[in-house]
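Open the model in your viewer and keep the sequence panel beside it. The tour goes from single residues to the whole chain.

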Amino acid sequence: MSQDETTCKYCGVSYLILHEFKLLDAKVKTMEKKMKFYEGSVEREKILQEKLQCLSQDFEQCTAASASRTER
């Protein structure tokens, strides 16, 4: 193919490079969406770990209280 057939007459960019650029642009957009989804996940995980620890302590206290009641 001649260069006239593979380049854009408006901007002069090769269609092959333009195609690759479009693919990379789509990948970037997909990755940006994923980053938004995962943004703040570390903070959310810390909060959930703290809640889990509090709930497990509450559970231990309740089981201990229940055991002492059954002993009486």
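Accessibility classes come first: a residue is buried under 20% relative accessible area, exposed over 50%, and partly exposed in between, using a 1.4 Å probe and protein chains only. The model is predicted, so local features need pLDDT of at least 70 and side-chain atom pairs count only at pLDDT 80 or more, while totals for chains, interfaces and linings use all residues. Residues are numbered from 1 along each chain as its sequence is written, and side-chain values use heavy atoms, with hydrogens and water left out.

**Lys36.** Select Lys36, which is exposed at a relative accessible area of 66%. Lys36 sits in helix H2, residues 15–38. Helices here are DSSP runs of H or I with at least four residues, strands are runs of E with at least two, and both are numbered from the N terminus.

**Phe37 and Tyr38.** Rings of Phe, Tyr and Trp (its six-membered ring) pair if their centres lie within 6.5 Å; planes under 30 degrees apart are stacked, over 60 edge-to-face, and the rest tilted. The count is 1 aromatic pair. Phe37 and Tyr38 form it edge-to-face, with 4.9 Å centre to centre and 80° between the planes. Phe37 is exposed, at 58% relative accessible area.

Go from Lys36 to Cys54: the two are 18 residues apart in sequence and 29 Å apart in space, C-alpha to C-alpha. Is Cys54 buried, exposed or partly exposed? Cys54 is partly exposed, at 44% relative accessibility. With a disulfide defined as a pair of cysteine sulfur atoms within 2.5 Å, the count is 0. Cys54 is in no disulfide, and its nearest cysteine sulfur belongs to Cys62, 13 Å away. That distance is too far for a bond. Cys62 is exposed, with 53% relative accessible area.

**Ser14.** Now select Ser14, in the loop between helix H1 (3–6) and H2. Ser14 counts as buried at 19% relative accessibility. Leaving aside residues up to four places away in sequence, Ser14 touches Thr6 and Thr7, where contact means heavy atoms within 4.5 Å.

**Whole chain.** Zoom out to the protein chain, which has 3 helices and 0 strands. Its radius of gyration, taken over C-alpha atoms, is 30 Å, well over the 11 Å of the globule rule for 72 residues (2.2 Å times the number of residues to the power 0.38), so the chain is more spread out than a compact globule. The C-alpha trace spans about 95 × 20 × 10 Å along its principal axes. Buried residues make up 4% of the 72 residues.
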